[in-house]
Amino acid sequence: MSVPTPPAPALAVNGLGKSVPGGRRLFDGLDLVVAPGEIVAIMGESGVGKSTLLNLVAGLDSADAGSIAIAGRDLAGLDDDVRTLLRRDSIGFVFQAFHVLPHLTLAQNIALPLLLARAAPGPALVRADAMLAAVGLAGRGGDYPAQLSGGELQRIAIARALVHRPALILADEPTGNLDPETAARILALLLEQVRASGAAAVIVTHSDRAAAIADRVLVLGAAGLVPRGDALPRAAE
Amino acid sequence: MPGAVVAQHDPAHAVTGYPGVAARWMMLGEWRAHPARLIVGALAIAVGVALGFAVHVVNRTALESFDRAVRSVNGAAELQVRAATPAGFAEELYPRIAGLAGVTALSPVVELAASAGTPAGTATAGGRDGRGGRLTLLGLDILRAVRVTPSLVGMPMAGGPGSDGRDASAPFDGDAVFVSRAALRLFAARIGDEVSITAAGVTRRLRIAGTLAGAGDDQALAVIDIADAQWRFGQVGRLQRIDLRLAPGVDRDAVRAAIGTMLPVDAALVSPENEAQRSDSLSRAYRVNLEMLAMVALLTGGFLVFSAQSLSVARRRPQFALLRVLGLTRAALVRQVVTEGAILGVVGAALGIGLGYALADLAVRLLGGDLGGGYFGQGAVRLAFPALAALAFAGIGVGVAVVSSLLPATAAGRAQPAVALKGGSEAADPRTQPPGWPGLLLLAAGGVAALGPPIWGLPLLGYLAMALLLAGGVAAMPWLTRRLLAQIVRVRVQRTVAIDLALQRLWGAPGQAAVALCGIVASTSLMVAMAVMVASFRTSVDAWLVQVLPSDVYLHVEGAEAGGLDRAAQARLAGAPGVATIRFVRQLPLRLAADKPAVMLVAQTIDAGAPGAALPLLGRSLPVPAGAVPVWVSEPMGWLYGVKPGDSMKLPLGDGARPVFVAGVWRDYARQFGAIAMATRDYAAATGDATVTEAAVMLAPGAAAGPVTAALRRRLPPGLVAQTRFAEPRQLRAMALKVFDRSFAITYALEAIAIGIGLIGVATTFSAQTLARRREFGMLRHIGVQRRQIIAMLAAEGALLGGVGVVAGLGLGVVMAQVLIHVVNPQSFHWTMDTSIPWGLFAGLAAALVAAAAGTAVLAGRRALSADAVNAVRQDW
């Protein structure tokens, strides 16, 4: 009788090190494991490297040391094209500034990752419509982004991040441009959709409210990634 | 399940299939949002393709018409023996060639340049007054010609008005002339009408007996019996050509060689291929130059596409970054931008081909088949649609658009997605000095290419040099912009905030400035180069005209190559009241090579000891060796036949090859295919020909040109009155410059279009760059910069950029003009000129460009500032 192999973590970061141009060390020996379906929030002061960490995980930047594996696939040694394809298939993004393409309809914006992954346009648009309904914008697939509010734009961004059922969602300050009330609704939606998709998520945020939806909250600082309760205020350091 | 919607990814196919749909969405979205940019880009390509295609269509159809005309005159002879001069060769050659094995049929021909008309005042059958013009008169032995050149044999017309029932014997009737349809139109006459024909100084009245059914529609031809032609027009014992037909299966080379051994020096063997080459070489350089000029417009369009694509890519950096984050590979992104350029090219090329054909039609109507160049006469031109050429020009248009998109596409692919998404620009440190070496290297390569010789008789390396200089100039723009602006930045004066901001921005981002500048620099420099060349040419021609037209009155006998004014007529003219001195000139076309147009022998009074008094010499004249006959060759003659002072050559004059000594070179802008000046005394001694075709008259003190001209006209032989033209130097000069301007009319038009495209480029580039800076303006407004200060800043930026562009364009243009003047022109047209710079024109152009740049920047700035400052700052892209 064989023992079932446990599923690979959605994200495994091991001994990660990164300096910025000019030589300043952002972090060193960073470790992080995110299980499938787990939501992790990363907090920390400005400039400690939270966004850089997300860029490294997404394969948009190269680390000085350590390794990163997405759903069991190590990024080390992959060229830009293969990392791009891995990102396309396995990762969904939500940005602070929404980044919804102004010249595409809402349905086209959402279907974009599917088309890039070689899905046929017909089914892709059907799925985009379903995602629109899921984020509360049913029937508005033909509208253009200019007709939407900030909160609605972020709903589109969430739908686009999840449309291709990625293993990992990376969200960089997803509510940073929204008022508190809208932010709360967006967070609830994000949580609901991420849970429904079964994806893991790493959310970089300054907001306690945003962090509250996470299963784990980590703080990035001089000591690396530590659970929030264990983190020392910078003044004490 | 992801698999239900998302196919398994295969890296090898990552950029094909449905990602293409995404790319299409992106492109359509972009063009829907900015249709003006698509239209301007496509139009820039369309105008270039249209000009290139139009010039090609006109050239090609004109050449075909000219070939048809040549074939018309020549009939369908397989080979011809042609006389080297209009005086012809001795007819004894005919029986000798007739006896050669392999020659099945041959037809002797008298061919004379003639003028014709219905007798003045005589009502023709058509009821109109007499009219006339130039035509070719052929004398044929009909019974022989029918076997070799049947298209030249006349068809007697029965029952035509005026017909007297002698139709069956018409070809042998001494008064009968058969004319082509074009000649019939020229006379405005009908079958049976009488016409007068003048050739070789003799005028005869002939009756139109029928038409030449096989002759082309465009060529004015008249055919009479050969014996009549020889007898009535003073050509007894002479032939101008023999048309030959060879036996099937015979060794043609052997027959040609056998004929070659029999030919006297004043005859040459010519094949249809030689004729084709000759007609091609007549206008090849002119045609190639026009096509190159049209390509200039396309090149300028290419720079415009480059500008538009660069700006579009810069504006969409965050969008492209998002696509890269979402999984679009770098190569796929590059392909998408290049595909956008290609689609722009396809749309532009399709428009351009249609537009070009319409333009060709219009140009032929307005300027004639040679676009004013004066190469093909005034024959009708029938436009054809060359499908292959259309495809080729469309391909060039698409190619230019694709190449122009390559750099922006690569820039898009190189951008760091993470940085671009955050709105960062990856801007280089403003203090970094842009490298100057790529531009300097290209400029140096251009200089080296300019030193190269012609290839296939064309200045191809000269054109390459122009392209390299242009590329070098454009590549050096960031470096030059920094250098020029650094001088202004260094000046320690109190500047307004607006001007300081403008200076700092341009100084700190010379690469961005260069994108805006490349269109200005390309169009300005090309325009300046052409303008300097044309001005230099015109000034040199004008100075030359003053030098070669020192007399008070000139007369010229047209169509008198075979014989003009004889000694008696010359004496009568010299004795006319009011004439102080009269200098006679004999012009005689000499065919020195079968595949080249004839050169003109100019026999006139020249003192071998001081030839400079009669000829505009270039350099000094060599002392003439004892017993040698000196000649002075024109510049084109030297180029085309490779002769230089000190050389000896043989000329087919009289009955033999006369050795002559080349004593010097003279400037001649009148005869592109070469001229040889010789003393009248030497010419008469060599040929026995005492006739002349031109005269230059100095008036006696107190005499006026009008009465003297009238007196001279009265003393002309009656047969030559109609074909003799009188003119004063100022009229000749004005006419020559009018012809010059007409032949450059198309050049001016193409130039104007290139400038227009350049100015549109300036407008669209500045507009796009300004609109892309909304966020910056919003920020400036937030920190308290006033709206009018921003407008002033934009005006200053526009003026500074325009100024830098004008300085660079003028400098580069003057350098490129030197290549045109000293390389392209001598290698194309075989004449040199002195540089002359039209400062007034350039001052106006500089002011217009700077004003256009500043004005466009301000207009675009007003539009950009119309959005409120808060929204501008918050805008994502």
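The legends below describe close-up views of a predicted model.

**View 1. Chain B as a whole, with its secondary structure and its buried residues.** In this predicted model, chain B has 877 residues, of which 51% are buried. Its secondary structure comes to 29 helices and 22 strands. Among the contacts in chain B with a separation of 6 or more, 85% are between residues 24 or more positions apart.

**View 2. The side of chain B that touches chain A.** Here 31 residues of chain B are in contact with 36 residues of chain A. Four helices of chain B, namely α1 (2-5), α2 (19-33), α10 (317-326) and α13 (417-421), each supply at least two residues of this side, and the largest share, eight residues, comes from α2(B). Sorted by class, the side of chain B that touches chain A has 20 nonpolar residues, together with six polar and five charged ones.

**View 3. The packing of helices α14 and α15 of chain B.** Two packed helices are described by the angle between their axes and the distance between the axes. For helix α14 (residues 437-450) and helix α15 (residues 460-475) of chain B, the angle is about 165 degrees and the axes are 7 Å apart. Because angles over 145 degrees count as roughly antiparallel, α14(B) is roughly antiparallel to α15(B). The crossing in which α14(B) passes α15(B) is left-handed. Residues that make the contact include B:L442, B:L443 and B:A449 of α14(B), and B:L461, B:L468 and B:A475 of α15(B). Taken by class, the residues of this contact divide into 13 nonpolar and five polar, with no charged residue.

**View 4. An open sheet of six strands in chain A.** The strands of this sheet follow the order β6-β7-β8-β3-β9-β10, and their pairing is mixed. At the edges stand β6 (91-95) and β10 (224-227) of chain A, each with a single partner strand, so one side of each is left without a neighbour in the sheet. From one strand to the next, the twist averages 20 degrees.

**View 5. Strands β7 and β8 of chain A, with helix α5 of chain A.** Strand β7 (residues 168-172) and strand β8 (residues 200-204) of chain A run parallel and are joined by five bridges. A:I169, for instance, has A:A201 in β8(A) as its bridge partner. Helix α5 (residues 150-162) of chain A lies across β6 and β7 of chain A, and the helix runs at about 170 degrees to β6(A).

Conventions. Residues are numbered from 1 along each chain as its sequence is written. Chains are lettered from A and ligands numbered from 1 in the order in which they are written. This is a predicted model: local features need pLDDT of at least 70, side-chain atom pairs count only at pLDDT 80 or more; totals for chains, interfaces and linings use all residues. A residue is buried if 20 or more other C-beta atoms lie within 10 Å of its own, exposed if 12 or fewer, and partly exposed in between; C-beta atoms are placed from the backbone. Two residues are in contact if their C-beta atoms, placed from the backbone, lie within 7 Å. Ala, Val, Leu, Ile, Met, Phe, Trp, Tyr, Cys and Pro count as nonpolar, Asp, Glu, Lys and Arg as charged, and the others, Gly among them, as polar. Axes are lines fitted to C-alpha atoms, for helices over the stretch in contact, and angles run from 0 to 180 degrees between N-to-C directions. Angles under 35 degrees count as roughly parallel, over 145 as roughly antiparallel, 65 to 115 as roughly perpendicular and the rest as oblique. A crossing is left-handed if the near helix is turned anticlockwise from the far one by less than a right angle, and right-handed if clockwise. Two strands pair if DSSP finds at least two bridges between them.
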